[in-house]
Amino acid sequence: MSADVKTVQVALGERSYEIKVGPKLIANAGQYLKPLLRRARVVIVTDENVAALHLPALEKSLDEAGIHHDAIGMPPGEGTKCFAELQRLSEWLLETGVERGDLVIALGGGVIGDLTGFAASIVRRGVDFAQIPTTLLSQVDSSVGGKTGINTPQGKNLVGAFYQPRIVLADTSALETLPKRELLAGYAEVVKYGLINDRTFFDWLEVNLDRIVSGDVAARTYAIVKSCESKAAIVAADERESNVRALLNLGHTFGHALEAATGFSNRFVHGEGVAVGMALAFDLSVRLGLCPGQDAVRVRRHLERAGLPCRLADVPGELPNAKGLIELMGQDKKVVDGKLTFILARGIGEAFITRNVDAAALRALLEERETT
Ligand SMILES: NC(=O)c1ccc[n+]([C@@H]2O[C@H](COP(=O)([O-])OP(=O)(O)OC[C@H]3O[C@@H](n4cnc5c(N)ncnc54)[C@H](O)[C@@H]3O)[C@@H](O)[C@H]2O)c1
Ligand SMILES: O=C(O)C(=O)C[C@@H](O)[C@H](O)[C@H](O)COP(=O)(O)O
Ligand SMILES: [Zn+2]
């Protein structure tokens, strides 16, 4: 096992697991997975794009480790996180004869990780699963922490379960084939960790953005490990989002509504929604007199420099008016007694959770779509 591989622990008692971050982990997956298996059998769930690029290396590694494998390729894209594909996948898993002590492997981005994790949580009332994330977003966020699920016509991630993986293998080599737009979408979630509670990390991102985007392996590895450490600490403190875990939702109340408004399509992907949502959360914090204006400017400048959308005007197509967007936000899982919960900030690295947001200020912010 290579010295270049870093380990981050997710400390959750008997559900604890390791996140491995480093090069060529897909090509060496067999040696990491074998110790977790009761019998030498796994099933792989991937999407058709990732299957063409990375499935052969995973299968070769499993063959070398003497592990039997079946694989299914799902359609790529957010639309796959739906009841119909969940049913198709669950029935396929049952037809393979997968047992509770076998491992279901999610090889792909957050869509495959969320869908596969949820299917693994319900098939035979729970089959073990492993995450092999292949997008930046899934390596820094979705593969860690056990939120799994699908979208419904009512909104984002509304049916799901908390179900932790047994291991996460974040192969930095897989990012070499990732389209730039998807890399940037993942970068939005990296920025999120700086904005939540680590101003020093945000400072580092401002200096190192170009290295991360251009493919510098050391910079990418540092950013992924730092993000995973940050998420692992929050998840260990509050696995089921009773309190502090909601900080990881910075930008998501806005972002999820924008994803819903654009039809959960490739026109506007999750990380892009998070980028716009984080900029709006900082604007709202300034509007409420909670955060210095220069911090909001700095956040928007950084997202802009990365090439990410950061204004409502950057969202493609017609959007609902402010009232319509607020109605979409009403499906958020953080709603309590019909009242929205927001993650706002007193500054970069100082996010906090609040239910105390003036409705008029929110409406005014969303009505300024042409200018913000
Ligand atoms: N569970 C969580 O905690 C959590 C956290 C953040 C996001 N999410 C969810 O994750 C999803 C977004 O994930 P995503 O951004 O990874 O999107 P994705 O899974 O749709 O992947 C993006 C695109 O990249 C392709 N792809 C994946 N890996 C590739 C590679 N190495 N080379 C080339 N192409 C590759 C995919 O086929 C797809 O077309 C959303 O549904 C979001 O809600 C969940
Ligand atoms: O892990 C978490 O907790 C997060 O909120 C991470 C988010 O980046 C992620 O998009 C998550 O799926 C959103 O969760 P939801 O509960 O708002 O659906
Ligand atoms: Zn997210």
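Two residues are said to be in contact if their C-beta atoms, placed from the backbone, lie within 7 Å. By that rule, and leaving aside its neighbours within four places in sequence, Gln131 is in contact with Ala106, Gly113, Ser143, Pro165 and Val168. The structure is a predicted model, in which local features need pLDDT of at least 70, side-chain atom pairs count only at pLDDT 80 or more, and totals for chains, interfaces and linings use all residues. Residues are numbered from 1 along each chain as its sequence is written, while chains are lettered from A and ligands numbered from 1 in the order in which they are written.

**Gln131**

- Gln131 is found in strand S6, residues 128-133, where helices (H or I, at least four residues) and strands (E, at least two) are DSSP runs numbered from the N terminus.
- Gln131 counts as buried because it has 29 C-beta neighbours inside 10 Å; a residue is buried if 20 or more other C-beta atoms lie within 10 Å of its own, exposed if 12 or fewer, and partly exposed in between, with C-beta atoms placed from the backbone.
- Pro165, one of the contacts of Gln131, is 34 residues apart from Gln131 in sequence and 6.4 Å apart in space, C-alpha to C-alpha.

**The surroundings of ligand 2**

- The shell around ligand 2 includes Asp141, Lys156, Asn157, Glu189, Arg245 and His252, where a residue is near a molecule or strand if its C-beta atom, placed from the backbone, lies within 6 Å of it.
- This shell divides into one nonpolar, four polar and seven charged residues; Ala, Val, Leu, Ile, Met, Phe, Trp, Tyr, Cys and Pro count as nonpolar, Asp, Glu, Lys and Arg as charged, and the others, Gly among them, as polar.
- Ligand 2 lies between domain 1 (6-176) and domain 2 (180-367), because both of them give residues to its shell; the domain bounds come from an automatic or database domain assignment.

**Positions in the UniProt record**

- UniProt, in an unreviewed entry, places the feature "binding site" at Glu189, His252 and His270. Although these positions are spread over 82 residues of sequence, they cluster in space, with a largest C-alpha distance of 10.3 Å. UniProt positions are given in the numbering used here, feature names are shortened, and annotations may be inferred rather than shown by experiment.
- His252 lies in helix H9 and is buried, with 26 other C-beta atoms within 10 Å; not counting residues up to four places away in sequence, His252 touches Val274 and Gly277.
- His270 is found in helix H10 and counts as buried, with 26 C-beta neighbours inside 10 Å; leaving aside neighbours within four places in sequence, His270 is in contact with Gly110, Ala185 and Glu259.

**Positive phi angles**

- Most residues other than glycine have a negative phi.
- Asn157, although not a glycine, has a positive phi of about 55°; Asn157 lies in strand S8, residues 155-162.
- Phe264, also not a glycine, has a positive phi of about 45°, and Phe264 is found in the loop between helix H9 (252-261) and helix H10 (270-287).

**The nonpolar core**

- The largest nonpolar core has 113 residues, and those with the most contacts inside it include Val45, Leu107 and Leu195; such a core is a set of buried Ala, Val, Leu, Ile, Met, Phe, Trp, Tyr and Cys residues joined through C-beta atoms within 7 Å.
- Helix H6 (residues 180-197) gives the largest share of this core, 10 residues, and the core draws at least three residues from each of domain 1 and domain 2.
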